[in-house]
Amino acid sequence: MEETMVVIVGAGPAGLATSACLNRLSIPNIVLEREDCYASLWKKRSYDRLKLHLAKQFCHLPYMDFPPNAPTYVPKNGFIDYLDNYVSHFGITPRYLRSVESVIYDSDAEKWQIVVKNMTTTDNVIETEVYTSRFLVVASGENSQGTIPDIDGLDSYGGEYIHSNQYENGRKFRGKDVLVVGCGNSGMEIAYDLWNWGANTSIVVRNPVHVLTKEMVKMAMIMSQYLPCKAVDIITVAISRLRYGKLSKYGIRMPTKGPFHLKETTGRSPVIDVGTISKIKSGEIKVLPGMECIKDNEVVFTNGATVQFDAIVFATGYKSTVRNWLKGSYESFDEKGMPKRSFPYHWKGGNGIYNAGFSRRGLRGISSDAQNIANDIYINITAD
């Protein structure tokens, strides 16, 4: 059994940022990561053309800006380089291949007990490790596990289907009929990437969505520092309508609430267009409604249409896996593994439990969470 002041579960950007903030305050902490590297979602499960959707000044982690020569919208490899430098600069040393099996609060000892499988051992022997800590930071994130909807007939589908976290690029889909399910940022960008690689691309657009350019979002982020959300939404929607026209005739409906109101209240982000909309307008990317079922290689849609596809990419989001291992603490996390308290008080629970990266506000939210958590722990320790 090993005891420390803080255990952090997860070495994504949220876990790294929290460890960095704690290290600056000389607070001992151990970062446990189930993969063999930090930021595994970025390093191992993201598509090649991915870039940060927000300008770099809104995406840096605490106490380290992006280099002055970094592009405004940092590409995937540039962000990974930034994280590499961040980990080195702040002396963060995650323990890899540590699968957290159970976490429970010992009310008598007033400590957290974390049971972990150490998968680094040889000869296929998996050892169990036990850690105890006064404070626990859940940093496994909202995007811990990709989700694919339960669609009748999917198990017998004759083509290939993958989650978007398995998609790298469209090279192997050249000349094939491919359906993208999901019209968020990943879905829209993957659809464009598939078209760019020569795939015959269609996309399911089931829910209303705002479509903006990255410049519109940058302008809105700046305006939000001076104007209320409602005013920012009115201005941004007006500019979007001027830029894109009426998208409903192409199968894309606009929500009744504004883009940044939705982001604040539901966590749903507007789509930041990378060129997909022009291809939809030209008919080069086809828009289809919701899926009804699958029959062999054919997909039946809610409008009655039946279309054959060689492959399906599900850009249908992620879910938290916290409830797989966190026992009890229902006053802090709900049954879906999400914080019970709403923003901006979401980051702190009871009995010394915290969460980083669950605010649905991207890297900017992660940075705020990490600083709040480290400062609160510091206050608790120094008050003793």
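These legends go with close-up views of a predicted model.

**Figure 1**
The C-alpha trace spans about 65 × 55 × 40 Å along its principal axes. For 384 residues, a compact globule would have a radius of gyration near 21 Å, and the chain has 22 Å, which agrees. Buried residues make up 49% of the 384 residues. The accessible surface comes to about 18300 Å². Carbon and sulfur atoms account for 48% of that surface. Take the contacts between residues at least 6 apart in sequence: 63% of them join residues at least 24 apart.

**Figure 2. The chain carries 44 positive and 40 negative side chains.**

**Figure 3. The largest nonpolar core has 80 residues.**
Phe79, Tyr86 and Ile252 have the most contacts inside this core. Look at Phe79 and set aside its neighbours within four places in sequence. Phe79 is then in contact with Pro13, Trp42, Leu52, Cys59, Phe66, Val74 and Leu363. Another core, of 19 residues, lies apart from the largest one. Val100, Val116, Leu136 and Phe333 are among the residues of this other core. In soluble globular proteins, nonpolar side chains tend to be buried together.

**Figure 4. Leu52 is a buried residue in a loop.**
The loop runs between H2 and helix H3, which covers residues 76-89. The relative accessibility of Leu52 is 5%, so this residue counts as buried, the cut-off being under 20%. Which residues does Leu52 touch, not counting those up to four places away in sequence? They are Trp42, Cys59, Phe66, Tyr73, Val74, Phe79 and Leu363. Asp84 is 32 residues from Leu52 in sequence. Their C-alpha atoms are 16 Å apart in space.

**Figure 5. Asp233 is a buried residue in a helix.**
The helix is H6, residues 229-244. Is Asp233 buried or exposed? Asp233 is buried, because its relative accessible area is 6% and the cut-off is under 20%. Leaving out residues up to four places away in sequence, Asp233 touches Gly258, Pro259, Phe260 and His261. Arg360 is 127 residues from Asp233 along the sequence. From C-alpha to C-alpha, Asp233 and Arg360 are 18 Å apart.

**Figure 6. Arg361 sits in the loop between strand E18 and helix H9.**
Strand E18 covers residues 353-355, and helix H9 covers 362-383. Lys263 is 98 residues from Arg361 along the chain. The C-alpha atoms of Arg361 and Lys263 are separated by 7.8 Å. Arg361 is in contact with Lys263, Glu264 and Phe343, leaving aside its neighbours within four places in sequence.

**Figure 7. A cis peptide bond joins Phe343 to Pro344.**
Omega of this bond is near 10°. Where does Pro344 lie? Pro344 lies in the loop between strand E17, residues 318-319, and E18. Phe343 is also one of the contacts of Arg361.

**Figure 8. Gly158 is an exposed loop residue.**
The loop lies between strand E6, residues 145-146, and strand E7, residues 160-163. Gly158 has 54% relative accessibility, so this glycine counts as exposed, the cut-off being over 50%. Asp296 and Asn297 touch Gly158, not counting residues up to four places away in sequence. Along the chain, Gly158 and Asp296 are 138 residues apart. Their C-alpha atoms are separated by 5.3 Å.

**Figure 9. Ser26 has a positive phi, near 60°, in a residue other than glycine.**
Ser26 is placed in the loop between helix H1, residues 13-24, and strand E2, residues 29-32. The relative accessible area of Ser26 is 63%, so Ser26 is exposed.

**Figure 10. Ala39 has a positive phi of about 50°, although it is not a glycine.**
The loop that holds Ala39 lies between E2 and helix H2, residues 40-44. Is Ala39 buried or exposed? Ala39 counts as buried, because its relative accessibility is 2%.

Definitions and conventions. Residues numbered from 1 in each chain as written. Predicted model: local features only at pLDDT ≥ 70, side-chain atom pairs only at ≥ 80, totals over all residues. Heavy atoms only, no water. Rg over C-alpha atoms; globule rule 2.2 N^0.38 Å. Buried < 20%, exposed > 50% of the residue type's maximum accessible area, 1.4 Å probe, protein only. Contact = heavy atoms within 4.5 Å. Areas by Shrake-Rupley, 256 points an atom, 1.4 Å probe, with all protein chains shown as cover. Lys, Arg positive; Asp, Glu negative; His and termini not counted. Charge placed at Lys NZ, Arg CZ, Asp CG, Glu CD. Core = buried A, V, L, I, M, F, W, Y, C linked by side-chain atoms within 4.5 Å. Helix = DSSP H or I, 4+ residues; strand = E, 2+ residues; numbered from the N terminus.
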